[in-house]
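Subject: Structure for your review

Dear colleague,

Please find below the structure I am handing over to you.

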Amino acid sequence: MTSLDKPTTEETAADTSADTSADDARAVTEAALFEAFGGVRGMVETVLPGLLFVSIYTVNKNLHMSALAALGVALVMVVVRLARRDTVKHAFSGVFGVGFGVVFAMMTGNAKDFYLPGMLYTLGLALAYIVTAMAGVPLIGLMLGPVFKENLSWRTRNPGRKKAYTKASWAWGLILLAKCAILFPLYWWADTTQLGWVLVALKIPPFLLAVYLTWVFLAKAPPPIDVFAEMEAEERAEEERKAAAAGEGEGAQAGRHRRP
């Protein structure tokens, strides 16, 4: 390699800086997704009530015992989060989901109806992802915008991120629709234990696939615009302008006093 072919120190530094920025962006994206979707603990809280229900029902076919055990463990997880002052949105959503399932199953006397509210919610969420993506306001962007401190700036000021959010919303919608295409036939044709075990098995893998695709799309997108930092900068600039204006006024007033 000749001296002309060798990269300069500035070029090497620029490449290193670009790699560091890309790594930082990926790390921020991973942390934001982890926070938004609850991480490992959120997944456990999502799976455990349904797993407990189908395990107990498989053994003794007792609807009341299975339903109350699932509801009890969901409530315990909320209490634990409250005691530790953690974020409770995932645990609370689990309690509401289990609660609706218990009510449906108790009202109909059909143990399979324990799963019906969650299945209907999944179907509605899938349609919401797809409809909002088609409308140009992808749901995943509405969810993650505040997490990335960009709010809705991606809609008008960052088209690359809007495109990534649209792709991610399509991915979530289609994955959830595929999940529904498996579960709803089983609701009609399979027994409670078969439906329950398949549903438990399908809790995590589709979720992880959707999160992974979201990470891929956002990692390749432009960085978010931190609108909170912009507002803080504007406030500081305004304060500096006021301070400068006040200083100029005091200087002018002092000058008038010094005149003979």
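What pLDDT does the protein average, and what share of the residues score at least 70? The model is a predicted one. Its average pLDDT is 81, and 77% of the residues reach a score of at least 70.

Helix H8 (residues 159-189) has the highest mean, at 96, whereas helix H1 (residues 9-37) has the lowest, at 56. For residues 1-7 the pLDDT is below 50, and this stretch makes three contacts in the model beyond near neighbours in sequence. Residues 9-20 also stay under 50, with one contact in the model beyond four places in sequence. I would ask you to read these stretches with those values in mind.

Helix H2 (residues 39-60) packs against helix H3 (residues 63-84) at an angle of about 160°, and their axes are 8 Å apart. Because angles over 145 degrees count as roughly antiparallel, H2 is roughly antiparallel to H3. The crossing of H2 past H3 is right-handed. On the H2 side the contact includes Arg 41, Glu 45, Leu 48, Leu 52, Phe 53 and Ile 56, and on the H3 side Leu 63, Met 65, Val 73, Met 77, Val 80 and Arg 84 are among the residues involved. By class, the residues of this contact comprise 15 nonpolar, three polar and four charged.

H2 also packs against helix H9 (residues 192-201), with axes that come within 9 Å and cross at roughly 155°. This angle makes H2 roughly antiparallel to H9, and the crossing is left-handed. H2 contributes Val 47, Gly 50, Leu 51, Phe 53, Val 54, Ser 55, Tyr 57 and Thr 58 to the contact, while H9 contributes Thr 192, Thr 193, Gly 196, Trp 197 and Val 200. Seven of the residues in the contact of H2 with H9 are nonpolar and six are polar, with no charged residues.

Finally, H5 packs against H8 at an angle of about 150°, with axes 8 Å apart, which makes H5 roughly antiparallel to H8. H5 passes H8 in a left-handed crossing. Their contact has 20 nonpolar, four polar and one charged residues.

With kind regards

Definitions and conventions: Residues are numbered from 1 along each chain as its sequence is written. This is a predicted model: local features need pLDDT of at least 70, side-chain atom pairs count only at pLDDT 80 or more; totals for chains, interfaces and linings use all residues. Side-chain values use heavy atoms; hydrogens and water are left out. Axes are lines fitted to C-alpha atoms, for helices over the stretch in contact, and angles run from 0 to 180 degrees between N-to-C directions. Helices (H or I, at least four residues) and strands (E, at least two) are DSSP runs, numbered from the N terminus. Angles under 35 degrees count as roughly parallel, over 145 as roughly antiparallel, 65 to 115 as roughly perpendicular and the rest as oblique. A crossing is left-handed if the near helix is turned anticlockwise from the far one by less than a right angle, and right-handed if clockwise. Contact means heavy atoms within 4.5 Å. Ala, Val, Leu, Ile, Met, Phe, Trp, Tyr, Cys and Pro count as nonpolar, Asp, Glu, Lys and Arg as charged, and the others, Gly among them, as polar. pLDDT is the predictor's confidence in each residue, from 0 to 100.
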